[in-house]
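Student: I would like to go through this structure term by term. Please set each label against its cut-off.

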Amino acid sequence: MPESQSGPVIYAAGTLMPVSSPPIQDGAVLVREGRIEAVGPLSEVGRENPDAEVRFFPNYTMTPGAVNAHAHLGFRHEDAPEGGAFSGWLGRLIERLPEKEAWTAEAASESAREAVEAGTTYMAESSPYGECLPQLAESGMAGTVFAEFFPHEIGTPEQAVEFIVGKACGLQEGLPERVDARVSVHSPYTVDPESARLAARRTREMGWRLAIHLSESPEEVEFIRDGTGGLADIFGSNEWGGVGVSPVRYARGVELLAPETIAAHLATGVSEEDMEVLLQTGVAAAHCPRSNEFLGCGVSPVPRMIERGIRVGMGTDGLWSSPSMNLFEETLFAVELHSLSGAAGLQLATLGGARSLGIEAETGTIEVGKWADLALVEISPGEGDPEREVIEAAAGGGGVATVVAGDVIYNRLGG
Ligand SMILES: [Zn+2]
């Protein structure tokens, strides 16, 4: 396959899984100027578009590209801090930030490459002050980099929020069409309540999406409720904990929760009452089960959240808390953890992520009008649970080509 296309192209596979509609045998996608113009059996789409170039992969399955709803690019496989208690891991990570500067950019390129080769077409990345934006932009993926800020390093809450909003505005310049920069309020234990509140208000005024980490570890629950534990001393001493409520209720109190907010983890201490708050405020969740396991953060009540109507997507987190940047591998872990069907898993990995990020009109399924964001997987699934077979194949390195807006950004098949 050539690197990019000019005239209309038909991408076709032995099995096409649009996610928004049932699988199609020998299914085809007509792509013109990056967008999907028709979806159907190859025999029909080919007949109606005789001028289009046809690229047919009979022994493969084509799905929407994976949408990674929560990732960090700037980490690497080797020398990860050991897992276990969250605050210990975070403390070791912070100790190593100075030495990490030397290799963060290289790690980000490598993490992005790994994601692309695993069929990822959209990534929501969070990094300090947006430091991994260049590597996301160069990867060919579409996505958003959420610039994390740490107010204690900057000044007053007003100064800190002005700084990070200005930083995100500056980062927007010269980006590819489908890459942008936004703001992340890192967590309830690193950002003080006034800075969190101001950042939430400012970004919402601008119509921006906001990323946060929320209710991740038992220590976060303890810090917010009682003001004690390992996270009370992170970055010196944090004095705003001990408010007697759950992290979700605290986050609502500082106005962080809204339909524009994507909350990563929601792994520990999320009660039915908390889920009611999440539902009422319209906040979306990014599920990172392998990171949660590595850091002793429990199991997010994802089936119950989905049942209640909370939007959920999947996230890999980064390589210092997770074994890979392969979102299908993350999803297979979730499918096994929660006993989900393959179809539910494939939906989480694609449309679920798009919905959680508010981009479902643009990507997440193979439907007319959306960008042609596609993953080609080396598998001819059988009758039992074909979507699960596809997830397993993609999790195990079966991704062979990745297409973003009609452009082939990864192709292991050659040609
Ligand atoms: Zn994270």
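Tutor: First, the ground rules. This is a predicted model, in which local features need pLDDT of at least 70, side-chain atom pairs count only at pLDDT 80 or more, and totals for chains, interfaces and linings use all residues. Residues are numbered from 1 along each chain as its sequence is written, and side-chain values use heavy atoms, with hydrogens and water left out.

Student: What makes a stretch a helix or a strand here?

Tutor: Both are DSSP runs, numbered from the N terminus: helices are H or I with at least four residues, strands are E with at least two.

Student: Why is α6 called oblique to α7?

Tutor: Helix α6 (residues 157–171) and helix α7 (residues 193–205) pack at about 40 degrees, with axes 9 Å apart. That angle makes α6 oblique to α7. The cut-offs are under 35 degrees for roughly parallel, over 145 for roughly antiparallel, 65 to 115 for roughly perpendicular, and oblique for the rest. Axes are lines fitted to C-alpha atoms, for helices over the stretch in contact, and angles run from 0 to 180 degrees between N-to-C directions.

Student: What is the hand of the crossing of α6 and α7?

Tutor: The crossing is right-handed.

Student: Which residues of α6 and α7 meet?

Tutor: Pro157, Glu158, Val161, Glu162 and Val165 in α6 meet Glu194, Ser195, Leu198, Ala199 and Arg202 in α7. Contact means heavy atoms within 4.5 Å. By class, there are five nonpolar, one polar and four charged residues. Ala, Val, Leu, Ile, Met, Phe, Trp, Tyr, Cys and Pro count as nonpolar; Asp, Glu, Lys and Arg as charged; the others, Gly among them, as polar.

Student: What makes α13 oblique to α14?

Tutor: The axes of helix α13 (residues 327–338) and helix α14 (residues 342–356) come within 9 Å and cross at roughly 140 degrees. That makes α13 oblique to α14. This crossing is right-handed. Leu327, Phe328, Thr331 and Val335 of α13 touch Gly345, Leu346 and Ala349 of α14. The contact has five nonpolar, two polar and no charged residues.

Student: Why are β5 and β12 called edge strands?

Tutor: The open sheet of eight strands runs β5-β6-β7-β8-β9-β10-β11-β12, with parallel pairing. β5 (66–71) and β12 (312–314) each have a single partner strand, so one side of each is left without a neighbour in the sheet. Two strands pair if DSSP finds at least two bridges between them. The twist averages 25 degrees from one strand to the next.

Student: How do you know that β5 pairs with β6?

Tutor: Four bridges join β5 to strand β6 (residues 120–128), and the two run parallel. Val67 stands opposite Tyr122 in β6. Three bridges join strand β10 (residues 261–265) to strand β11 (residues 284–287), also parallel. α14 lies across β5, β10, β11 and β12, at about 125 degrees to β12.

Student: What makes β5 mostly covered?

Tutor: Six of its six residues are buried. Buried means under 20% relative accessible area, exposed over 50%, and partly exposed in between, with a 1.4 Å probe and protein chains only.

Student: Why is Ala361 called exposed?

Tutor: Its relative accessible area is 60%, so Ala361 is exposed. Ala361 sits in the loop between α14 and β13 (374–377).

Student: Which strands are at the edges of the seven-stranded sheet?

Tutor: The order is β3-β2-β1-β4-β13-β14-β15, in an open sheet with mixed pairing. β3 (35–41) and β15 (407–411) are the edge strands, each pairing on one side only. The twist averages 35 degrees from one strand to the next. Strand β14 (residues 399–404) and β15 pair in the antiparallel sense over four bridges. Val404 stands opposite Asp407 in β15.

Note on methods: Left-handed = near helix turned anticlockwise from the far one by under 90°.
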